[in-house]
Amino acid sequence: MLRSLCRTGGLILQQTQRTAPRLWVTPAQQRWASSLPMNTLVLFVPQQEAWVVERMGRFHRILEPGLNFLIPILDRIRYVQSLKEIVIDVPEQSAVSLDNVTLQIDGVLYLRILDPFKASYGVEEPEYAVTQLAQTTMRSELGKLTLDKVFRERECLNSNIVHSINQASDEWGIRCLRYEIKDIHVPPRVKESMQMQVEAERKKRATVLESEGTREAAINVAEGCKQAQILASEGQKAEQINKAAGEAQAILAKAEAKAKAIYVLSDALTQHNGNAAASLSVAEQYVSAFSNLAKESNTVLLPSNSGDISGMVSQAMTIYSTLAKASPKAPEEPVQSGNEVQTEPDEQRTQ
């Protein structure tokens, strides 16, 4: 019995030494997981690692970080899973967009193991499974978008890929945290057409901006002309108002001056020898008017006795006397002489 147990232990030890570590990470990622250790009865599990132990070929338990004890020969460490966040490069692949444009696209996948038991026994070669799932999901999501939306909605595309991967990887105990698209390569002709489209769009924007500038300039010029015309009309209005006010004041001043002159003249006529002074003034005006005849027009109407100055003066004085008698008598005006005020009778004024 003891001999058979020793043989069995030796065979298990040889098989353990010959068997390569069954890690689901790539060789470049083996720094996150240790190689399969031997059962030495006393084991120390590193932090952020989970060791899956089988007893007699059947799952027994998962060793937690720290000190652990195992039964030699009966217990064997079957899987070593890293609980850290793992990065997987998704190889470049071709995909067809909704508008039938072939794209070459690759990405990076960030994931973490949440359940070491499911990650060990739920799927064979988890790395290959997750990579294939990411590629198929990427092709499926790219087929739903046009080329322009692929560049504009990369965040939405990444979130959709992560959601689709998580729906399938829940049974594997793996959680996809992020998916990032690294590079998107388009065919050369499509790239040239995109550059032409960008140039045309920039020219369009430049033309629109130029036209808007021209329109704003025309609006500003028209607004300036409008304001200038309004100000000019207001200036003309103020000028006409001031001119009319000046003319009115001038007319009033002339009327007042004429009234004062008439009043002074009437007072002068009431004085002694006033009629003789009036006759002299009428004679002077007659001579002045007679001397200006035929200067402005060739047609002249002359009285029959144009040379009789005394007759014309006596006729003018007769008309004046008649008008003076027909007009109502004016109220008596005080005559100031020094500090005394005298009132002359009406009989002396009419003489």
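This report covers a nonpolar surface patch and the salt bridges of a predicted model.

## Basis

Residues are numbered from 1 along each chain as its sequence is written. In this predicted model, local features need pLDDT of at least 70 and side-chain atom pairs pLDDT 80 or more, while totals for chains, interfaces and linings use all residues; side-chain values use heavy atoms, without hydrogens or water.

## Nonpolar patch

L41, V42, F44, L67 and F69 make a nonpolar surface patch of about 510 Å². Patch residues have over 30% relative accessible area and no salt bridge; nonpolar side chains (Val, Leu, Ile, Met, Phe, Trp, Tyr) are joined within 5 Å, like charges within 9 Å. Areas come from the Shrake-Rupley method with a 1.4 Å probe, and for residues only the protein chains shown count as cover.

Strand 1 (42-45) and strand 4 (66-69) each supply at least two patch residues. Strands are DSSP runs of E, at least two residues; helices are runs of H or I, at least four; both are numbered from the N terminus. F44, in strand 1, is exposed at 60% relative accessible area. Exposed means over 50%, buried under 20%, partly exposed in between (1.4 Å probe, protein chains only).

## Salt bridges

The structure holds eight salt bridges (a side-chain nitrogen of Lys or Arg within 4 Å of a carboxyl oxygen of Asp or Glu). One joins R76 and E54, with the closest N and O atoms 3.8 Å apart. R76 lies in strand 5 (residues 75-82) and E54 in strand 2 (residues 49-55), so the pair ties together parts 22 residues apart in sequence. R76 is partly exposed at 27%; E54 is buried at 7%.

E201 and R205 also pair, at 3.8 Å, N to O. Both lie in helix 6 (residues 188-269), four residues apart.
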